[in-house]
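Please check each one against the model as you go.

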Amino acid sequence: MSAPASPRSTVFRGGLLVTQDGLRRVVRGDLRVEAGRIVSVGPRDTKGADEEVDASGYAIVPGFVNAHTHVAMSLLRGIADDRELAGFLETLFAVDAHRTEADVEAGARAGIAEMLLGGTTSFLDLYYFEDAVARAVEALGIRGFLGWAVLDPELTTQKGIPVDNAAAFLDRWKRHPLVTPLVAPQGVYVCGRETWLRAKDLAARSGALVHYHLAETRREVHEHQEKTGRRPVVWLEEIGFLGPASVAAHAVWLTGEEIALLARRSVGIAHCPSSNLKLASGGVAPVVELRAAGATVGLGTDSVASNNSLSMLREMHVAGLVQKNQRWDASVLTAQELLDLATRDGARLLGRGADLGSLEPGKRADFSLFRLDHPTMLPARPEAIVSHLAYSAAEEAIDSVYVEGLPVVQHRALTRADWTTIRRDGEAAAEALWSSRPKA
Ligand SMILES: [Zn+2]
């Protein structure tokens, strides 16, 4: 289960280094990688190396962290468009009931291919059959933080008790270099008190993260309030669930009190603006207030059934425009802050701020090479490069992607797998799933 060995050392010469370090330096220089880790960033490197890469025509950018997705749903892109969440979920749950481990793996491979080609090197996933997703992670060479979906036993199509299935999954993958297993309660609409607390307990005992959906729609908030007398965030606090090492996706419908509570309990937030907009959640997540209160916020695409893309470039762009427009204030969520959400803040959400999310000595060598001669990168001036990444860069500008110092994409092709095969398998698996959808 180990990753292929890195060349002992690689030097990328003369690249425009978008470091995302504490000072957010953008410098022209050399980047040295040894045994999968970054050794030096910036100064001219006169030592030899096993491999040298001329990076003078490229910006080197930390790999993106997609902080919320359901990657195996890539076969369901376009299956439930133009419906709000309740109708969308009705179709999705019906199709989900027919999924097999084999089609989850085919879907995960396709989704991971899309993410790697878009410069994403880490992703946080929530689904079931996560062993199949883990095998796809291993095959394609991305970094997967994989949450086994947990819900009340009487509501699941999983065999056995979901929390026990999650525990077994954690056990199977706990020592893998690229797979980080975790537990993922789906949301208050399918998880009762017992399920939330068992999930939290399992995570605490295993040193794992908890990932879940929270306060996505007004309907979720109102129905939970009717059932329990409390809004979801307040209720989760009262049952003793909220705490660190947890990542809540969406967090659109929050009161000021709930924002303060989430920040005080060190709950990380995965902001998913495209999915919220397309499903007409109606509100806009209070990203500015959450950050001001001290919460860590990352960016997620959610699945391609609701986005319909896994592009983090697109997600940065949308996140910026929505916050600015909604507040009549062009100065909120700057290009630099958007790139922070997609890189270093995403890494902090995963509890990996010390070794992912920026180009700094000692960190893992996860990064992308963006072509500076691509039309969407012009003018390729150092002072404009962060702006281009947040607002204009196209995926086609991404030439190569490295994880753990190894190329996983080179000249826009996957290095570890063959897209023709992934596509053929994906189309075949989609056939059965699409024919199982309820007719309108
Ligand atoms: Zn989701």
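1. Four donors count as tetrahedral if all angles lie between 85 and 135 degrees; four count as square planar and six as octahedral if opposite donors are over 155 degrees apart and all others between 65 and 115, and anything else is irregular. Donors themselves are N, O and S atoms within 2.8 Å of the metal (3.2 Å for Na, K and Ca), and sites may look incomplete because water is not among the atoms. With that in mind, the zinc ion has as protein donors His68 (NE2), His70 (NE2), His213 (NE2) and Asp302 (OD), at 2.1 to 2.5 Å from it. The arrangement is irregular, because the 4 donor atoms around the zinc ion subtend angles of 81 to 174°. Along the chain the donors follow the spacing H-x1-H-x142-H-x88-D.

2. On provenance, this is a predicted model, in which local features need pLDDT of at least 70 and side-chain atom pairs count only at pLDDT 80 or more, whereas totals for chains, interfaces and linings use all residues. Residues are numbered from 1 along each chain as its sequence is written, and side-chain values use heavy atoms, with hydrogens and water left out.

3. His271 deserves a separate look, since it is buried, with a relative accessible area of 2%. This residue is found in strand β12, where helices (H or I, at least four residues) and strands (E, at least two) are DSSP runs, numbered from the N terminus. Leaving aside neighbours within four places in sequence, His271 is in contact (heavy atoms within 4.5 Å) with Ala285, Val287, Val297, Gly298, Leu299, Gly300, Ala319 and Gln323.

4. His271 also belongs to the lining of the largest cavity, together with Pro273, Asn276, Leu277, Gly283, Val284, Ala285 and Val322. On a 1 Å grid over the protein atoms alone, a cavity is a set of points where a 1.4 Å probe fits but cannot get out, and lining residues have an atom within 4 Å of a point. Grid points are joined across faces, edges and corners, and a volume is the space filled by probe spheres set on the points. Helix α9 (residues 273-278) gives the largest share of its lining, 3 residues.

5. The second largest cavity has a volume of about 40 Å³, and its lining consists of Pro62, Gly63, Val65, Thr121, Ser122, Leu356, Gly357 and Asp366. For the classes, Ala, Val, Leu, Ile, Met, Phe, Trp, Tyr, Cys and Pro count as nonpolar, Asp, Glu, Lys and Arg as charged, and the others, Gly among them, as polar. This lining has 3 nonpolar, 4 polar and 1 charged residues, while that of the largest cavity has 5 nonpolar, 3 polar and no charged residues.

6. Helix α12 (residues 335-342) is largely enclosed by the rest of the structure, because 6 of its 8 residues are buried, namely Ala335, Leu338, Leu339, Asp340, Leu341 and Ala342. In helix α8 (residues 256-264) the buried residues are Glu258, Ile259, Leu261, Leu262 and Ala263, and what covers them includes β10 (210-214), α7 (232-238), β12 (268-271) and α10 (287-292).

7. His250, in strand β11 (residues 246-250), has a positive phi of about 85° and counts as buried at 0% relative accessibility. His411, in the loop between β16 (406-410) and β17 (413-414), has a positive phi near 50°, but is exposed, with a relative accessible area of 59%. Just after α8, Ser266 takes a positive phi of about 55°.

8. One joins Asn307 and Asn308, with omega about 5°, and Asn308 lies in the loop between β13 (297-299) and α11 (312-327). A cis bond also joins Leu378 and Pro379, with omega about 0°, and Pro379 is in the loop between β14 (367-371) and α14 (385-391).

Note on methods: Buried means under 20% relative accessible area, exposed over 50%, partly exposed in between (1.4 Å probe, protein chains only). On a 1 Å grid over the protein atoms alone, a cavity is a set of points where a 1.4 Å probe fits but cannot get out, and a pocket is an open set with protein on both sides within 12 Å along at least five of seven lines; lining residues have an atom within 4 Å of a point.
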